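Visitor: I would like to learn how to read a few side-chain features. Can we go through them one at a time?

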Amino acid sequence: ITVRLVIQAGGGPCPAGPAATPEITAGAFVNAASFVSSALPNGAIARGSIFSMFGRNLGPTQLVVATSFPLSTTLGCVSLRVSLGATQVEAIPLAAIAGQINALMPSNAPLGDATIAVTWNGRTSATRTVKIVGANFGFFTANQNGQGPAIVQNFESQTSLPVNSPRRPMRRGQRGVAYGTGLGGLTTPDNQPAPGGEPRVNVDLFLGGKRAVVEYAGKWLKIWE
């Protein structure tokens, strides 16, 4: 998935934004690909997945986006703490603006009904509950809101991967590449790019009710200008 990077967020003063305590909307956590409501049975957030959250005063007025590895647990003075009992971990913010944060749930996040608090420019929100599970996959979609066709590329060659569509259908026996998030925790560091392939097991994919051959299912975390 190509993401247009808007602002590079680094050290120094916090970006301009609301001087108010962050507020997380109730039920604000969704899989960043499928946008399935957290109120639904399949709406939990998986370890190692990218999730979106919504609210008010969550970050600066202008969008900040992570632009380089290693990723940091602070982005434009925005940070997120995930807690369950005595266990506390820091989620990795990937993009933040006053009304929304996209972040990576740590692979070692506690499983169950955890809480998240957002800190922006030294002010910390009240906590909200988020259900964390081992895996819960969602496909990225062409309209970027979780509905309609998934983003799938037809593999023709290393330099030709057109997006699948009614005008560019996939042929029988042809390879395809689909993108999503929620396969589960990673064995490589969350804040680093994929090292060229991280095998997965027990991933089943069905096309039209037929089981497809899965050649690779794993980490693909990349950011670029």
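Visitor: Is Glu23 buried, partly exposed or exposed?

Guide: Some ground rules precede that. This is a predicted model, where local features need pLDDT of at least 70, side-chain atom pairs count only at pLDDT 80 or more, and totals for chains, interfaces and linings use all residues. Residues are numbered from 1 along each chain as its sequence is written, and side-chain values use heavy atoms, with hydrogens and water left out. Now the classes: buried means under 20% relative accessible area, exposed means over 50%, and partly exposed lies in between (1.4 Å probe, protein chains only). Glu23 has 41% relative accessibility, so Glu23 counts as partly exposed.

Visitor: Which side chain does Glu23 meet in a salt bridge?

Guide: A salt bridge is a side-chain nitrogen of Lys or Arg within 4 Å of a carboxyl oxygen of Asp or Glu. Here the partner is Arg56, at 3.8 Å, N to O. The two residues sit in distant parts of the chain, 33 residues apart: Arg56 in strand β4 (residues 50-56) and Glu23 in strand β1 (residues 23-24). Strands (E, at least two residues) and helices (H or I, at least four) are DSSP runs, numbered from the N terminus. Arg56 is exposed, because its relative accessibility is 53%.

Visitor: How many salt bridges does the rule give?

Guide: Six. One of them joins Arg81 to Glu90, with the closest N and O atoms 2.8 Å apart. Arg81 is partly exposed at 41%. Glu90 is also partly exposed, at 27%.

Visitor: What about Arg211: which residue is its salt-bridge partner?

Guide: Asp204, and the closest N and O atoms are 2.8 Å apart. Arg211 reaches 55% relative accessibility, so Arg211 counts as exposed. Asp204 is exposed too, with 53%.

Visitor: Now the cysteines. How many disulfides does the structure hold?

Guide: A disulfide is a covalent bond between the sulfur atoms of two cysteines. The cut-off used is a pair of cysteine sulfur atoms within 2.5 Å. The structure holds one. Cys14 and Cys77 form the disulfide, with sulfur atoms 2.0 Å apart. The pair links distant parts of the chain, 63 residues apart: Cys14 lies in the segment before β1, and Cys77 in the loop between β5 (64-65) and β6 (78-84).

Visitor: Is the link of Cys14 and Cys77 left-handed or right-handed?

Guide: Left-handed, with -90 degrees about the S-S bond.
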